[in-house]
2 protein chains.
Amino acid sequence: MTAIIKPDTIIQKVSIIGSGNVAGHLGQAFLRSGLEVVEICSPNQEHARVLADDLHAGVARSAGDMRTDADLYLLAVPDARVGTAASGLPMVEGIVVHTSGNTPLDVLERFPRHGVFYPLQTFTRGRAADLSSVPFCLEASDREVLEALAELASRLTSEVHFITSAQRKILHLSAVLVNNFSNHLYHLAEEFLKENQLDFGMLRPLISETAGKVLDLSPEEAQTGPASRGDAGTISTHLEMLHDHPDILELYKLMSEQISKQNHE
Amino acid sequence: MTAIIKPDTIIQKVSIIGSGNVAGHLGQAFLRSGLEVVEICSPNQEHARVLADDLHAGVARSAGDMRTDADLYLLAVPDARVGTAASGLPMVEGIVVHTSGNTPLDVLERFPRHGVFYPLQTFTRGRAADLSSVPFCLEASDREVLEALAELASRLTSEVHFITSAQRKILHLSAVLVNNFSNHLYHLAEEFLKENQLDFGMLRPLISETAGKVLDLSPEEAQTGPASRGDAGTISTHLEMLHDHPDILELYKLMSEQISKQNHE
């Protein structure tokens, strides 16, 4: 975080390309911060209209039809569609940014002022997002644009980070590990419990505490369990219990081997 | 949860075998609930003394030397040591319970009144544990013992569950998935970030939100990310980035295959 004093550009009018969770949550946060959302543009016209109503914004029929007077064009579309969505935009003087973890800055280089505005968080429709401690990872075509983005981000969060495209990819991959893959483990547990007439709700305090622990401790210090204490008896009981669950079995073996190896390095 | 009116036995005096995290956290919770901790017995004499001081309790030199007038003998030792620890106890009239997820009730059957008192939570030294919503999984030799344990548990938590040994094993295995294995993913991410001069702290809001989401949503609804949306481009970029990280690579492949399969079932 660099102290932001007075960038030459203050972003006030934002247009959003996309109508999914990132578009919705950032749009709401912009509105709360006193910005104006000018227009929404999305291939899903129905979603675009609903979001535009929420954000008191207009709807553009296509990217080519968008108003060209916004200070910021925020491309909040799936990673695979960033390039295409950008190529559909008219040439604008405003800053054009994408919100993707895995897409380099230079896909936007045909715009004179471009950047990346990547919130390191997962967003869910209908679930309020507190952005105030979410890291925003910024990158830009030049110093002036970077300062403008940093000033904007600092209205949403206390965690403003200047991150290169290469670093952002590393963060994004790490996010897949801790978010998507942990959630997959939750899902496997839910199914396993359900088959045995047990309620996933019983695991919720444990899930909270597992995540809560690493707010204070490093994951290495926080590790417990059969693999970490070398309890071969429990591991072998578990493997037997998973005889009819090849997916969980395979993950269990691999995870336990890795944890055990790490504990004996 | 069954409404507990007036069990015939009210547990008031507890002796604890073990001096680790479970012993410490439950001992503290007993004390806060107005129980008396009579004695601590542990092969680690130094730990036993520290814990006994904390809990205003005495120290027994060995299990065979323990006072026989406690209402409850709580075996809070590693799973693999429950049987041995139990066999060292004198024959007592009080209730003898273990706190293990993976150990059947019947290892305690030489005691006329025995049971299981299993908190479905992870405990860390030096980290305060709020037990009030932690599920306590109870099982007992007979109805009177079960009622006494339920009355005791209800002083610690609002979540009292009567759970068979077979169900408890299922819960324990599920706990390994969501706790130890999620924590292993956090650990892998921490190392990967560190190698790239990035701070694990940046992932903390995401880790909290990932766990927070499944307090409201099912993990199936909460899933996002490249594998879940079939984004082959991002997956293949990630696999390339993991060329020098065989452990993460192998987990990444397996997890992504499973998530992708589940999304197309």
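The model is predicted. Chain B superposes on chain A by a rotation of 180 degrees with 0.0 Å of shift along the axis, at an RMSD of 0.0 Å. The two copies are thus related as by a two-fold rotation axis.

**Symmetry and interface**

- In chain B, the C-alpha nearest the axis belongs to Ser182(B), and its distance from the axis is 2.6 Å.
- Of the interface residues of chain B, 100% are also interface residues in chain A, so the copies meet through the same surface.

**Helix H5 of chain A with helix H6 of chain B**

- Two packed helices are described by the angle between their axes and the distance between the axes.
- On the H5(A) side the contact residues are Ala175(A), Val178(A), Asn179(A), Ser182(A), Asn183(A) and Tyr186(A).
- They meet Leu206(B), Ile207(B), Thr210(B), Ala211(B) and Val214(B) of H6(B).
- By class, the residues of the contact of H5(A) with H6(B) are 7 nonpolar, 4 polar and no charged.

**Helix H8 of chain A with helix H5 of chain B**

- H8(A), residues 232–241, and H5(B), residues 165–195, have axes that come within 11 Å and cross at roughly 105 degrees.
- Crossing angles of 65 to 115 degrees count as roughly perpendicular, which makes H8(A) roughly perpendicular to H5(B).
- H8(A) contributes Thr234(A), Thr237(A), His238(A) and Met241(A) to the contact.
- H5(B) contributes Lys169(B), Ile170(B), His172(B), Leu173(B) and Val176(B).
- The residues of the contact of H8(A) with H5(B) divide into 4 nonpolar, 4 polar and 1 charged.

**Aromatic pairs**

- Over all chains, a search of the whole structure finds 6 aromatic pairs.
- One of them is formed by Phe117(A) and Phe136(A).
- This pair of Phe117(A) and Phe136(A) is tilted, with 5.2 Å centre to centre and 55 degrees between the planes.
- Phe117(A) lies in strand E6 (residues 114–119) of chain A and Phe136(A) in strand E7 (residues 136–140) of chain A, so the pair ties together parts that are 19 residues apart in sequence.

Technical notes. Residues are numbered from 1 along each chain as its sequence is written. Chains are lettered from A and ligands numbered from 1 in the order in which they are written. This is a predicted model: local features need pLDDT of at least 70, side-chain atom pairs count only at pLDDT 80 or more; totals for chains, interfaces and linings use all residues. Side-chain values use heavy atoms; hydrogens and water are left out. Contact means heavy atoms within 4.5 Å. Helices (H or I, at least four residues) and strands (E, at least two) are DSSP runs, numbered from the N terminus. Ala, Val, Leu, Ile, Met, Phe, Trp, Tyr, Cys and Pro count as nonpolar, Asp, Glu, Lys and Arg as charged, and the others, Gly among them, as polar. Copies are superposed by least squares on the C-alpha atoms of residues with pLDDT of at least 70 in both. Rings of Phe, Tyr and Trp (its six-membered ring) pair if their centres lie within 6.5 Å; planes under 30 degrees apart count as stacked, over 60 as edge-to-face and the rest as tilted. Axes are lines fitted to C-alpha atoms, for helices over the stretch in contact, and angles run from 0 to 180 degrees between N-to-C directions. Angles under 35 degrees count as roughly parallel, over 145 as roughly antiparallel, 65 to 115 as roughly perpendicular and the rest as oblique.
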